[in-house]
Amino acid sequence: MDQPLDGKIALVTGAGSGIGRACALALARAGAAVVVSDISAGQGEQTARAIAEAGGAAQFVRADVTDARQVEALIRATVQAHGRLDAACNNAGVLGAQARLADYPEESWGQVIATNLTGVWLCMKYEIGAMLAGRGGAIVNMASVLGTVGFPSVGPYVAAKHGVIGLTKTAALEYARQGIRVNAVCPGFIATPLLEQAGIREGTDQYARIASRHAMRRLGEPDEVAEAVVWLCSGASSFVTGHALMVDGGFAAQ
């Protein structure tokens with residue numbers, strides 16, 4: 001049985017850990033050759049090695065998604081190495097500081113918006129160019145359940161993820177007739193290093209409170225998000241574009 005992404009070339013940003021690493025591994029298992037990108041060379045190279053050790057094909061290209069020149073160089077390196085780009089998962093993101101809006105530090109606001117929103121736009125800008133020059137493709141932007149609802153103390157993150165959904169819908173409309181599908185995935189709270197850094201660790205009261213916000217009464221796993229990304233990158237979702245797919249354990253349904 002053929003794998004759903006056999007012969008495809010895929011790119012994942014923020015692939016050094018958490019959801020990004022899970023997406024890169026899942027795309028490789030589905031048959032894609034994966035370009036792994038992250039701002040951390042050490043973590044990104046670990047992901048590429050994990051793919052290779054599992055029998056997949058991967059290369060690491062370091063890039064900071066807030067820098068247009070680095071993003072352009074990332075896409076150029078991908079096309080030079082593989083001849084085209086078929087699928088991209090724009091996952092790189094940061095949580096930022098936690099504070100109410102009136103107390104929120106301006107520096108952290110700028111960092112969150114630059115990474116989580118401007119970075120997605122920059123990646124799409126150059127990915128779309130590469131896909132237009134090729135055979136079309138599929139783009140999946142990593143939004144969040146917090147791109148659909150409000151949540152206290154992480155205002156810029158919420159604003160950026162709402163923006164990602166808007167960008168996704170706009171790009172889908174602009175390029176649907178040119179063979180490019182653009183969708184978003186909206187994870188609930190997923191057990192990743194990002195949440196651990198924010199103090200949400202299993203066994204803590206904060207973890208229990210966050211888990212209780214989901215109908216399934218648990219946090220998600222990175223692989224559960226990754227499988228949705230693979231589906232949206234594959235031909236199985238050929239009539240799906242401009243969609244924000246909830247992978248949130250029922251968080252937003254309540």
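# Ring pairs, helix faces and loops in a predicted model

Visitor: Which residues form one aromatic cluster?

Guide: Rings of Phe, Tyr and Trp (its six-membered ring) pair if their centres lie within 6.5 Å; planes under 30 degrees apart count as stacked, over 60 as edge-to-face and the rest as tilted. The residues that form one aromatic cluster are F151, F189 and F251.

Visitor: At what pLDDT do side-chain atom pairs count in this predicted model?

Guide: Residues are numbered from 1 along each chain as its sequence is written, and side-chain values use heavy atoms, with hydrogens and water left out. The model is predicted: totals for chains, interfaces and linings use all residues, local features need pLDDT of at least 70, and side-chain atom pairs count only at pLDDT 80 or more.

Visitor: How many residues apart in sequence are the parts tied together by the pair of F151 and F189?

Guide: A search of the whole structure finds two aromatic pairs. F151 and F189 form a tilted pair, with 5.5 Å between centres and 50 degrees between planes. Helices (H or I, at least four residues) and strands (E, at least two) are DSSP runs, numbered from the N terminus. F151 lies in the loop between β5 (137-142) and α5 (155-175) and F189 in the loop between β6 (180-187) and α6 (193-197), so the parts tied together are apart in sequence by 38 residues.

Visitor: Are F151 and F189 buried or exposed?

Guide: Buried means under 20% relative accessible area, exposed over 50%, and partly exposed in between (1.4 Å probe, protein chains only). By that rule, both F151 and F189 are buried.

Visitor: What distance does α3 reach from its first C-alpha to its last?

Guide: Helix α3 covers residues 68-82, which is 15 residues. The expected span of a helix is 1.5 Å times one less than its number of residues. Expectation for α3 is 21 Å, and the reach is close to it, at 21 Å.

Visitor: Which buried residues line one face of α3?

Guide: An α-helix has 3.6 residues a turn, so residues three or four places apart point the same way. The buried residues of α3 are V71, L74, I75 and T78.

Visitor: Against which elements do the buried residues of α3 pack?

Guide: On the other side of α3, R69 and Q80 are exposed. The buried residues of α3 pack against β1 (9-12), β2 (33-38), β3 (58-62) and α4 (106-133).

Visitor: Which residue just after α3 takes a positive phi?

Guide: At the start of α3, a side-chain oxygen of D67 reaches to within 2.9 Å of the backbone nitrogen of R69. Just after α3, a positive phi of about 90 degrees is taken by G83.

Visitor: What separates the C-alpha atoms of V65 and A114?

Guide: V65 has its place in the loop between β3 and α3 and is buried, with a relative accessible area of 6%. Leaving aside neighbours within four places in sequence, V65 is in contact (heavy atoms within 4.5 Å) with T13, V71, A92, T115, G119, L122 and C123. Although V65 and A114 are 49 residues apart along the chain, the separation of their C-alpha atoms is 8.4 Å.

Visitor: With which side chain does the side chain of T66 make a polar contact?

Guide: T66 is also found in the loop between β3 and α3, and at 33% relative accessibility it counts as partly exposed. Beyond four places in sequence, T66 is in contact with A114, T115 and L122. A polar contact is a pair of N or O atoms within 3.5 Å; within protein, one must be able to donate a hydrogen and the other to accept it, and residues adjacent in sequence count only if both atoms are side-chain atoms. At 2.8 Å, the polar partner of the T66 side chain is that of D64.
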